[in-house]
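User: Hi! I'd like to learn how to read some local features of a protein model. Could you walk me through them?

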Amino acid sequence: MRSRLITGSTILALALAACGGSERSVAGPTTKLTLFPPTTTTQTFASTTTVQTNLTMVPTTTQVEVVDVTTTTRPAPTTTTAPLDPAVEALVLSDEGIGAAVFSGDPDGVVAFLDSFLGPPTADTGWVDPFEISNCAGTQLRVVSYNSLSLTFGDVSPVLEGRRHFFAYTYGNYDFDGTAVAVSDKTPLGLVTDNNVGLGTQLDVLEVAYPDLQINPADDFFPETFVINDNLRGVISGLADDSEVVRIIGGQDCAEPT
C-alpha cells in the first residue's frame with residue numbers, strides 16, 4: 001500500500017513541473033494525466049463465532065473398601081446410691097421439735113406422725129402423775145419411746161399450760177460411770193439435726209457445725225455437755241477432738257424416767 005501512494009505523488013509532481021516552466025520555455029504538446037484516487041486497502045476479519053459446548057459431567061464412581069469391624073460395647077459402670085431413709089429425712093431434730101412434730105403439738109397427732117416412720121413405740125408410760133417418773137411440773141405426764149428416742153408430753157411446760165402437748169425429746173442412751181461414757185443404744189439410726197449432727201458426731205465436727213457452741217465440764221453424775229441454744233443441747237463423751245455426741249436433747253426436758 002505504501003509504494004502505491006508514493007507513485008501517485010511522483011506523477012503529480014511531474015505534471016506540476018511541466019506546467020510551471022519559465023517565460024522562455026517553449027510550449028510543447030499538452031499531456032493529459034488521469035489521476036487515480038488512492039487505493040484503500042480494506043482488511044476483512046473473519047467474525048468470531050462463540051460456540052457453547054454443553055459438557056456432560058460423568059460421575060466418577062469411587063469404590064470404597066468396606067471393612068467389617070466388630071465393636072464391643074461395654075456397659076457403663078453402675079453406681080449404687082443407698083436411698084435416704086425416709087425417717088431420717090422427715091425426723092430432723094431441731095430446737096422446735098422433730099420434723100413436722102413441733103413443740104406444743106397434740107400428743108396423739110405427734111405419736112401418729114412418729115409411728116408412720118418408726119412403727120409403734122417400744123415403750124409408753126401412759127398418762128401418769130409427773131412425780132412418778134420425773135420432777136416435771138403439772139398434773140399429767142407421758143413419755144413415749146422408740147428405742148433411744150423418747151418424747152415427753154404434759155399439761156404444763158415452758159411451752160404452754162392448760163392442755164396436753166408435746167414439749168421435749170431426747171435421742172440416744174448412754175452409760176456413765178463417773179470416768180467413762182459408753183453408748184448403750186442409738187436406734188433409730190441416723191437421725192440428725194439440721195446441721196447434720198447426730199449420735200457419733202465428733203466434737204471437732206460439732207464445733208464447726210455450731211461455732212457458738214458452749215461446752216460444760218463433767219461432774220459426778222454426767223459427762224461433758226454441750227449447749228447450742230436453750231432448746232437444743234446434748235451430751236458428749238469427753239473433751240478430746242474425737243469425743244462423740246452420745247445424746248441430743250430438744251426442748252426443756254424434765255422427764256428422766258427412773
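This is a predicted model: local features need pLDDT of at least 70, side-chain atom pairs count only at pLDDT 80 or more; totals for chains, interfaces and linings use all residues.

User: Which residues form the disulfide, and how far apart are their sulfur atoms?

Analyst: The partners are C136 and C254, with sulfur atoms 1.7 Å apart.

User: Which parts does the pair tie together?

Analyst: Look at where each cysteine sits. C136 belongs to the loop between helix 4 (130-133) and strand 5 (141-146), while C254 is in the segment after strand 13 (245-251), so the link joins parts that are 118 residues apart in sequence.

User: Why is the disulfide right-handed?

Analyst: Check the torsion about the S-S bond. For C136 and C254 this torsion is about 115°, so the disulfide is right-handed.

User: Is C136 buried or exposed? And what is the relative accessible area of C254?

Analyst: Buried means under 20% relative accessible area. C136 has 1% relative accessibility, so C136 counts as buried. C254 has a relative accessible area of 23%, which makes C254 partly exposed.

User: Now for backbone angles. Which peptide bond is cis?

Analyst: Omega is the angle to read here. The bond from T187 to P188 is cis, its omega being near 5°. You will find P188 in the loop between strand 9 (181-185) and helix 5 (203-209).

User: What is phi of N196, and where does N196 lie?

Analyst: N196 has a phi near 65°, a positive value in a residue other than glycine. N196 lies in the loop between strand 9 and helix 5. Its relative accessible area is 58%, so N196 is exposed.

User: And what is phi of S104?

Analyst: Phi of S104 is near 90°, again positive in a residue other than glycine. S104 is in the loop between strand 3 (101-102) and helix 3 (107-118). With 24% relative accessibility, S104 counts as partly exposed.

User: Last one, on surface charge. Which residues form a negative surface patch?

Analyst: Such a patch is made up of E207, D241, D242 and E244. Take D242 as a case to inspect: D242 is in the loop between strand 12 (232-236) and strand 13. Exposed means over 50% relative accessible area, and D242 counts as exposed at 52% relative accessibility.

Key. Residues are numbered from 1 along each chain as its sequence is written. Side-chain values use heavy atoms; hydrogens and water are left out. A disulfide is a pair of cysteine sulfur atoms within 2.5 Å. Helices (H or I, at least four residues) and strands (E, at least two) are DSSP runs, numbered from the N terminus. Buried means under 20% relative accessible area, exposed over 50%, partly exposed in between (1.4 Å probe, protein chains only). Patches are made of residues with over 30% relative accessible area and no salt bridge: like charges are joined within 9 Å, nonpolar side chains (Val, Leu, Ile, Met, Phe, Trp, Tyr) within 5 Å. Accessible areas come from the Shrake-Rupley method with a 1.4 Å probe; for residues, only the protein chains shown count as cover. A salt bridge is a side-chain nitrogen of Lys or Arg within 4 Å of a carboxyl oxygen of Asp or Glu. Lys and Arg count as positive and Asp and Glu as negative; His and the chain ends are not counted. The place of a charge is taken as NZ of Lys, CZ of Arg, CG of Asp or CD of Glu.
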